[in-house]
Amino acid sequence: MTSVRRRDLLALAVGLAVASWLLVRAGYGSLPQLQWWLPVPLGVLAVAELLGARTLAARLSAQRDRRPPPGRAPGATRPVEPMLVARVAVLAQASAYVGAVLVGCWAGLLLHTVPQLGRLSAATADTVTGVLGVLFAAALTGAALWLEHVCKIPPDGDDDAAAPSARA
C-alpha cells in the first residue's frame, strides 16, 4: 500500500475550494444559516485519530522493543494484529482525503464570506463557522497523516520486529 501523497491532498483541497466558492457565490442567499457547531464532529474525529495514533505507536514500539508499553505490566498487552494495523492505515488514508475535501469546501465558503463581512449580516457567523471548519478539517488531515505514519513498517527492513508474533 502506498502512502497518501501530500501533493494530491493539496490539489484536492485547492480544486474543491474553487468549486465550492463558485457554488456558494451562486447560491449564498438561499443557503440556510450555518451554525458554529457544524464542523465540531471533524474536531472529534481528529482527536480520536490522534489518540488512536498515540496508543498504536506506543503498542507497536513496545512490541518492537519486546517490552510492555508505559504503565503496563509485562505480558499485559496483547500483540498488535497485522490486520488491525492494515485497517487503521486504510482508515487513516480515507480520513486524510475526507479532511482535504472538507478543507477545500470550508475554504471555498470563506472565500465568499470574508469579503462580504461588512455588507452581509450573515457573513460574520458563517465566517466563524468556516474558520472552525477549516481548522478542524486540517486537524483531521494532520491526525490522519500521523496515524498513517504510525502504521508504517520501520525503515530498517526488520519485518519480524514490525509484525506481531504468533506466540502469546
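How many disulfides does the rule give? The count comes to 0 disulfides, a disulfide being a pair of cysteine sulfur atoms within 2.5 Å.

The model is predicted: local features need pLDDT of at least 70, side-chain atom pairs count only at pLDDT 80 or more, and totals for chains, interfaces and linings use all residues. Residues are numbered from 1 along each chain as its sequence is written, and side-chain values use heavy atoms, with hydrogens and water left out.

**Figure 1. Overview of the protein chain, with 5 helices and 0 strands.** Helices (H or I, at least four residues) and strands (E, at least two) are DSSP runs, numbered from the N terminus. Along the sequence the pattern reads α-α-α-α-α. The protein chain has 168 residues, of which 34% count as buried. Buried stands for under 20% relative accessible area, exposed for over 50%, and partly exposed for the range in between (1.4 Å probe, protein chains only). Among contacts with a separation of 6 or more, 83% come from residues 24 or more positions apart; a contact here means heavy atoms within 4.5 Å.

**Figure 2. Confidence along the protein chain.** The pLDDT is the predictor's confidence in each residue, from 0 to 100. Its average over the protein chain is 88, and 85% of the residues score at least 70. In residues 158-168 the pLDDT is below 50, and this stretch has 15 contacts in the model beyond near neighbours in sequence.

**Figure 3. Helix α1, residues 6-27.** The 22 residues of α1 should span 32 Å at 1.5 Å a residue, and the end C-alpha atoms are 31 Å apart, which agrees. The expected span is 1.5 Å times one less than the number of residues. Buried in α1 are Leu-9, Ala-13, Ala-17, Ser-20 and Val-24. These residues lie on the same side of α1, because they cover an arc of only 90° around the axis; the arc is that of the directions from the helix axis to the C-beta atoms. They pack against α3 (82-113) and α4. On the face turned away from the buried side, α1 carries the exposed residues Arg-7, Ala-11, Leu-23 and Ala-26.

Figure 4. From Ala-89 to Val-150 the C-alpha to C-alpha distance is 8.5 Å, although 61 residues separate the two in sequence.

**Figure 5. Ser-95 of helix α3 and its polar contact with Glu-49.** A relative accessible area of 9% makes Ser-95 buried. The side chains of Ser-95 and Glu-49 are joined by a polar contact of 2.5 Å. A polar contact is a pair of N or O atoms within 3.5 Å; within protein, one must be able to donate a hydrogen and the other to accept it, and residues adjacent in sequence count only if both atoms are side-chain atoms. Not counting residues up to four places away in sequence, Ser-95 touches Glu-49, Leu-140 and Ala-144.

**Figure 6. Val-103, also in helix α3.** Val-103 is buried, with 18% relative accessible area. Apart from neighbours within four places in sequence, Val-103 is in contact with Ala-13, Val-134, Ala-137 and Ala-138. One of these, Ala-13, is among the buried residues of α1.

**Figure 7. Thr-127 in helix α4 (residues 122-150) and Val-114 in the loop between α3 and α4.** Thr-127 counts as buried at 10% relative accessibility, while Val-114 counts as partly exposed at 43%. A polar atom of the Thr-127 side chain lies 2.6 Å from the backbone oxygen of Ala-123. With residues up to four places away in sequence not counted, Thr-127 touches Leu-110, Thr-113, Val-114 and Leu-117. Val-114 and Thr-124 are 10 residues apart along the chain, and their C-alpha atoms are separated by 8.0 Å.
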